[in-house]
Number of protein chains: 2
Amino acid sequence: MPDMSIIDIDTPAVLIDIDRVDANLRRVQDYADSHGLALRPHIKTHKLPRFAQQAIDLGAVGITVQKLGEAEVMADAGIRDIFLPYNIIGLAKLERLRALANRVRIAVTADSEETVLGLSSAFIDALEPLRVLVECDTGMGRCGVQSPAAALALAQMIDAAPGLAFGGLMTYPAAGQVEANAAWLAEARRVLTDAGLPPAIVSNGGTPDVWRAHEVTAATEHRPGTYIYLDRFQVAKGVGSFADCALTVLATVVSRPTENRAIIDAGSKALTSDLLGMDGFGLIEAYPGAVITGLSEEHGTIDLTNCATRPAIGDKLRIIPNHACVVSNLFDTVTLISGDAVVETVPVGARGRVD
Amino acid sequence: MPDMSIIDIDTPAVLIDIDRVDANLRRVQDYADSHGLALRPHIKTHKLPRFAQQAIDLGAVGITVQKLGEAEVMADAGIRDIFLPYNIIGLAKLERLRALANRVRIAVTADSEETVLGLSSAFIDALEPLRVLVECDTGMGRCGVQSPAAALALAQMIDAAPGLAFGGLMTYPAAGQVEANAAWLAEARRVLTDAGLPPAIVSNGGTPDVWRAHEVTAATEHRPGTYIYLDRFQVAKGVGSFADCALTVLATVVSRPTENRAIIDAGSKALTSDLLGMDGFGLIEAYPGAVITGLSEEHGTIDLTNCATRPAIGDKLRIIPNHACVVSNLFDTVTLISGDAVVETVPVGARGRVD
């Protein structure tokens, strides 16, 4: 796209600043390296094989995905070390997992006997055992065994199960609860080591507390996702600044029905209705006083009351969304930019991989 | 898919009950017919050409879309009468609109001089004038002129603009404000008629008040969307019952970490984070006491405290989402069912048409 600028892009569109991507990847990789932590980035934020490979080239040990379909896309693109921290249930998915294990290094998690039994039945005649980590609920209140003792019991079951190998412990922790997470994992590590099953990997996750990952001393690796793009929520959490945010949604003002109201062509189909506890559905960089007060599917409603200057019909606005990951899942393509120059428009390879 | 049943479908998946679709389409078409209202269904809810055609076969005068991309998909599929109630801004979109007007009967809306000038410049040398309706803000607080007098002024501008023809008035009203909407449109109709510009079409919209559409006596047509599937929000509004809901999300219980907690493989990437003012992110048909309290992208967290019986790991659950339209935009395919039998899995033709 020779000499094409952001202003030439039709809207709504997702812009990815590749210089900020590079800086964000390096910043966290350097941090992990300096603390001896393995980095295993979660690709759910970008869903692009090229950024998965870029992180590996910078030192990541592999990637994390959340769905088999994402793993398949990444394997097709040449990624060779994939962690799928999910309970894989049912014959259809177990067959796909077995096929994946034939071509890439893969590990999964389990938090129940039912999951372990299914995995074992699928891998009982495999050449290589499937590595299975025990998912631990260290405070998030989602999946996971509820105590270090329960982690040991499930680890022992995995260790004894035909076709499986105990791979370690995994958590997705609650944001802000670093001490509790660290204490839980340290105790679990001690209990398992005392029982003769020391976890080879203790995998911690999340971007909100990424700069405190080294405080979770039991962990051997970290799985941040949003750090590559950052977003309004991560800035609110102090992970970076708005100047670090690599993903923006470009929208056009299509209506100015009143002095204090603007309507843009980006609604919940572009920005999603994720509020994550904040006011408004995103930050408009050029009009920081503007508040995106409401979204229909194809309209965003903006209150301009506190704006000194106001956008006109036809003006294009760049919006930092509340939650970058969910935006990536809504667009078939994203446009890579460097400064104001358009570099390339690329398909979002793992978009919409729901299963 | 011979003899395939719902229980054989891998999850998460979207199921569409075609018998309920047929009944929902007929019920509202019969109502519109009985009141002499033209019906112009909004396809944003289903994004499937086949259902657009089915509504037309039952008596709809055409369809409504919200994006040029949706119009293009529907035109490609053979739909010949399309209303696009949106301010079309910018050369790229005006060129696409002009191309569409060469092959289907199309009308758009405007709520500003800027939009009218752009449309006129694009159609100044067209063989047929483009029909443009004036969008009116009758209470929604989104797009639209703010008074019947402003509607007249813009109608006169359209009427005088080269390449354009004044097509009437359009509103997307606020739910529950039937009287105010009716009064606004009646006054606008009177003002325009007195000025010698009687609106050929007065287009009203929305499913929440669809059964009161006849009370808006100035309207000539209605544009409901969600009525084809219904959802938890529309049932809360009294439009139909849960037994009428045609779209469900099928999910699998992947974890039962505590007695009162279940985790399913449908999160915000399947159900969206739309709450629409309700508690919980959907209704689980088999466990009406269960509350979907939280969604991550790939996990749904369910509180089972008030359930007499509880689902086990591996059980598949059918969920009526809060908002059906946004779910349709998240899945590349949906599975048509009749009772418990699978009929066909079809691509969602107009999914992800963001511009």
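Q: A salt bridge is a side-chain nitrogen of Lys or Arg within 4 Å of a carboxyl oxygen of Asp or Glu. How many salt bridges does this rule find across the interface of chain A and chain B?

A: This is a predicted model, in which local features need pLDDT of at least 70, side-chain atom pairs count only at pLDDT 80 or more, and totals for chains, interfaces and linings use all residues. Residues are numbered from 1 along each chain as its sequence is written, chains are lettered from A and ligands numbered from 1 in the order in which they are written, and side-chain values use heavy atoms, with hydrogens and water left out. Over all chains the rule gives 54 salt bridges. Across the interface of chain A and chain B, the number is 14.

Q: Which residue of chain B forms a salt bridge with Lys44(A)?

A: Lys44(A) lies in the loop between β2 (38-39) and α2 (49-57) of chain A, and its partner lies in the loop between β13 (291-295) and β14 (300-303) of chain B, so the pair joins two chains. The elements are DSSP runs numbered from the N terminus, with helices (H or I) of at least four residues and strands (E) of at least two. The closest N and O atoms are 2.6 Å apart, and the partner is Glu297(B).

Q: What area is buried between chain A and chain B?

A: The size of an interface is often given as the accessible area lost when the parts come together. Here buried area is the accessible area (1.4 Å probe) that two parts lose on being put together, summed over both. Carbon and sulfur atoms give 49% of the area, which is about 4400 Å². Within the part that chain A buries against chain B, the three residues that supply more than any other three, with 14%, are Arg142(A), Lys269(A) and Glu297(A).

Q: Which element gives the most residues to the side of chain A that touches chain B?

A: Contact (heavy atoms within 4.5 Å) links 56 residues of chain A with 56 residues of chain B. Between the two chains there are 28 residue pairs in polar contact, both residues at pLDDT 80 or more. The elements of chain A that give two or more residues to this side include α4 (91-101), α5 (113-123) and β11 (261-264). The top contributor, with five residues, is β10(A).

Q: What counts as a polar contact, and how many such residue pairs link domain 1 of chain A with domain 2 of chain A?

A: A polar contact is a pair of N or O atoms within 3.5 Å; within protein, one must be able to donate a hydrogen and the other to accept it, and residues adjacent in sequence count only if both atoms are side-chain atoms. Domain 1 of chain A covers 6-13 + 239-347 and domain 2 covers 18-228, with bounds from an automatic or database domain assignment. With both residues at pLDDT 80 or more, the number of pairs is eight.

Q: How far apart are the C-alpha centres of domain 1 and domain 2 of chain A?

A: In this pair, 19 residues of domain 1 of chain A are in contact with 19 residues of domain 2 of chain A. The area buried between the two domains is about 1400 Å², with 56% from carbon and sulfur atoms. The distance between their C-alpha centres is 33 Å.

Q: Which residue forms a salt bridge with Arg50(A)?

A: Between domain 1 of chain A and domain 2 of chain A the count is two salt bridges. For Arg50(A), the closest N and O atoms are 3.4 Å apart, and the partner is Glu344(A).

Q: Which residue does a cis peptide bond join to Thr11(A)?

A: The residue in question lies in the segment before β1 (13-17) of chain A. Omega of the bond is about -5°, and the residue joined to Thr11(A) is Pro12(A).
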